[in-house]
Amino acid sequence: MYTGKSYKISEFLFWTRRNILWLLLMGTIPTILYQAFGFKWLSVPWPIVAFLGTAAAFVVGFKNQQTYNRTWEARETWGTTISASRTWAMMCRDFITDTDIAQQMIYRHLAWLTALRYQLRTTRNWESTGKSYNREYARFYSIPEKEIPIRTELAKYISTGELDTILSQHHPAMQLLNHQSNALTKLANEGRLDNSRFFELHKSLREFSALQGKSEKIKNFPYPRQYATVNRIFVWLFCLLLPFAMLKEFNELNNVASGMFKGQMVWLVIPFSVLISWVYTSLEQVGESTENPFEGNANDIPISQMSRSLERDIFEMLGKPDLPPAFDFRNNIVL
């Protein structure tokens, strides 16, 4: 998540520069053929491209709205998860009379949150972090889940035996919830947790399971590929045809031009076609970067920071003197 006032234009140009180079090439070739070689038949009627541009604008707007909705749903899900986690820590501290067991339950919950965020940071085929412009931009920030092994993080919260068991499972986060449920059941069977408190704590576990399912839904079900494909095709088809449609329009400006500009107005097709096309391709790229809010892009939900802030809150709640250090984030990008 970018936390600065706004992206610098230099940062945005760096991120989209490959598109600019392609658009420059797509605008230059037809202009040279038209002006220097006299291929006047290359001109395409403007209404055709205008209709295509309208369609492209519609699908780009639709995609950006839907991908924003995915990101906002992810933010709401994790906001609820953090709030429910604070409640869980307070209930464990106050409901369970054995402080060691209460702390164990709280720490195991932090382990669940850690395992979940590592799970959400794994790469999927449809995600865009592997694309060249995102790989280059990734050097401006750090992703804790990519730099710190999961074993190192989980070892802070659970025993070595439980850690080995958890990591041997296909779904560590779900297994940690299962261990929590078993621990609650054991306390209830031993008479160390009355029914009302047991049901209240178990209700929280069900909520955590549902919240995990919501996060997994966003992670494992991409923005539909058919829409993403059509969006990209429409945008680039429009960008390809736009210079051809502008040739005749700018050539007619020679009728009112004078001096050194007379007869040379067609060359303005290159900068104006690049500018207009860049708006479309940039919006398409922004929508793509918003599709998957957990993958580790600069605009993703800051689940690492949210988890660490929660951990610090809980440690203070438990009276722990040594708070875990905050993650080191750079260039106003918080993950």
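## Rings, charges and a greasy patch

Phe39 comes out as partly exposed, at 32% relative accessibility; the classes are buried under 20% relative accessible area, exposed over 50%, and partly exposed in between, with a 1.4 Å probe and protein chains only. This is a predicted model, where local features need pLDDT of at least 70, side-chain atom pairs count only at pLDDT 80 or more, and totals for chains, interfaces and linings use all residues. Residues are numbered from 1 along each chain as its sequence is written, and side-chain values use heavy atoms, with hydrogens and water left out.

Now for the rings. Two of them pair if their centres lie within 6.5 Å (Phe, Tyr and Trp, the last by its six-membered ring), with planes under 30 degrees apart called stacked, over 60 edge-to-face and the rest tilted. That rule gives 15 aromatic pairs. One of them is Phe12 with Trp15, edge-to-face at 5.8 Å centre to centre and 65° between the planes. Both sit in helix 1, three residues apart, or about one turn of the helix; helices are DSSP runs (H or I, at least four residues) numbered from the N terminus. Phe12 is partly exposed at 22%, while Trp15 is buried at 11%. Phe37 and Phe39 make a tilted pair, 6.3 Å between centres and 45° between planes.

Phe37 is exposed, with a relative accessible area of 56%. Phe37 and Phe39 turn up again with Ile32, Trp41 and Trp267 in a nonpolar surface patch of about 550 Å². Patches take residues with over 30% relative accessible area and no salt bridge, joining like charges within 9 Å and nonpolar side chains (Val, Leu, Ile, Met, Phe, Trp, Tyr) within 5 Å; the areas are Shrake-Rupley values with a 1.4 Å probe, and for residues only the protein chains shown count as cover. Ile32 belongs to helix 1, residues 9-35.

On to the charges. A salt bridge here is a side-chain nitrogen of Lys or Arg within 4 Å of a carboxyl oxygen of Asp or Glu, and the whole structure has 21 of them. In one, Arg86 meets Asp313 with the closest N and O atoms 3.3 Å apart. Arg86 is in helix 2 (residues 46-95) and Asp313 in helix 12 (residues 303-317), so this pair ties together parts 227 residues apart in sequence. Glu127 and Lys219 also form a salt bridge, 2.6 Å from N to O. Glu127 is buried at 8%, and Lys219 is buried at 3%.

Definitions and conventions: Helices (H or I, at least four residues) and strands (E, at least two) are DSSP runs, numbered from the N terminus.
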